[in-house]
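Trainee: I would like to go through the strand arrangement of this model. Could we look at it together?
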Amino acid sequence: MGPHPAVAAIRLAVRRVLHDVLNRHCAQARTEPPLVLVACSGGADSMALASALAFEAPRLGVRAGGVTVDHGLQAGSDLRAAEVVLRLRSLHLDPAEAVAVRVGKEGGPEAAARDARYAALDAAAERHGAAAVLLGHTRDDQAETVLLGLARGSGTRSLSGMAATTGHLGRYRRPFLGVDRQTARTACLIQSLPVWDDPHNTDPAYTRSRLRHEGLPALEKALGKGVVEALARTAQLSRDDADALDSWAADAERTIRGAEGTLDVAGLFALPPAVRRRVLRRAVIDAGAPAGSLFARHIEEVDRLITAWRGQGALNLPGRVGVRRQGGRLVIRQG
Ligand SMILES: Nc1ncnc2c1ncn2[C@@H]1O[C@H](COP(=O)(O)OP(=O)(O)OP(=O)(O)O)[C@@H](O)[C@H]1O
């Protein structure tokens, strides 16, 4: 008898990614087997991921380990991290380690914890020479990300949600973007994997938690099942659109950029708005604005300097970046 369908589904998802990691590794003419780490919070999604990695890796000649990050935000978080390490070891993942981080305040508590976590995962990947780090984001997480983007009035890039492959040299992989959360949970149950339920995930103080427990169920009630799948599909379609527009913008930019920090207004004006906004966003980031603090409304303000005000106009953006219209040029500079 084969494995339970939920277990088969998570293993297949991981196998696909490992094949890809192996192909890339071989293309680099490496002789030693690649190391793949799972980023594990101890929650159901990443425990299911750890179990599938532990099962598939030895069959494909891949070394597998795990890292858990202790954000130090709750009492006893160090004990929990130590327990996650024991669980990873019991799956024969080696290395298995806990990394403690200091969470700053920049951008709010959730963003600060995320930044600290990725910095720690990057450092762990470098330390161990890992070819890839697996993250347990599921299709439901993807649907939530798309809905949050819609509610904020975001463009196609934000609506494309999380990428399956991302980070330095495509280090981060999300094998479960096509797997729903219930499947991951069932796989944990079937395999008797102990999981830790993060209280933040059910705390109505958090937007994502309200969306998960109230918003999406209400949508499904109104529109029928399949909303999560449809939103995840929207993410993929938006990603394709955003990639195409990005490459159009990169081409356009070459002809529109003048001396350092200037753009040709007539050239910008001739572009379709979606392409123009991309060129502007890149120019503003290049001038020193932090990408994370730059929202669609900022770029719309810059855009209005080109489309609505003829001749003059100036504005200030995050990162002390100033934009001013000077005749036929848009000057974007920090300072
Ligand atoms: N403390 C942590 N240590 C290591 N990896 C983490 C940690 N927190 C999150 N991750 C990684 O990021 C992924 C997404 O985490 P997030 O908390 O947003 O989602 P989740 O749906 O609650 O996942 P999980 O059930 O695995 O906790 C996790 O599946 C895991 O791979």
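Mentor: This is a predicted model. Four strands form an open sheet in the order 7-10-9-8, and their pairing is antiparallel.

Trainee: Which strands stand at the edges there?

Mentor: Strand 7 (262-264) and strand 8 (314-317) do; each has a single partner strand, so one side of each is left without a neighbour in the sheet. From one strand to the next, the twist averages 20°.

Trainee: Over how many bridges do strand 7 and strand 10 pair?

Mentor: Strand 7 and strand 10 (residues 329-334) pair over three bridges, in the antiparallel sense. Within strand 10, Val331 is the bridge partner of Thr262.

Trainee: Changing topic, what is the strand order in the open sheet of six strands?

Mentor: The order is 3-2-1-4-6-5, with mixed pairing. Strand 3 (96-100) and strand 5 (165-166) are the edge strands, each pairing on one side only.

Trainee: And in what sense do strand 5 and strand 6 pair?

Mentor: Strand 5 and strand 6 (residues 172-173) are antiparallel, paired over two bridges. Thr165 has Arg173 in strand 6 as its bridge partner.

Trainee: Which strands does helix 2 touch?

Mentor: Helix 2 (residues 44-60) packs on the sheet and touches strand 1 (35-39), strand 2 (63-70) and strand 4 (132-134). The direction of helix 2 makes about 160° with that of strand 1.

Trainee: What about helix 3?

Mentor: Helix 3 (residues 77-90) packs on the sheet as well, touching strand 2 and strand 3. Its direction makes about 160° with that of strand 3.

Definitions and conventions:
Residues are numbered from 1 along each chain as its sequence is written. This is a predicted model: local features need pLDDT of at least 70, side-chain atom pairs count only at pLDDT 80 or more; totals for chains, interfaces and linings use all residues. Two strands pair if DSSP finds at least two bridges between them. Two residues are in contact if their C-beta atoms, placed from the backbone, lie within 7 Å. Axes are lines fitted to C-alpha atoms, for helices over the stretch in contact, and angles run from 0 to 180 degrees between N-to-C directions.
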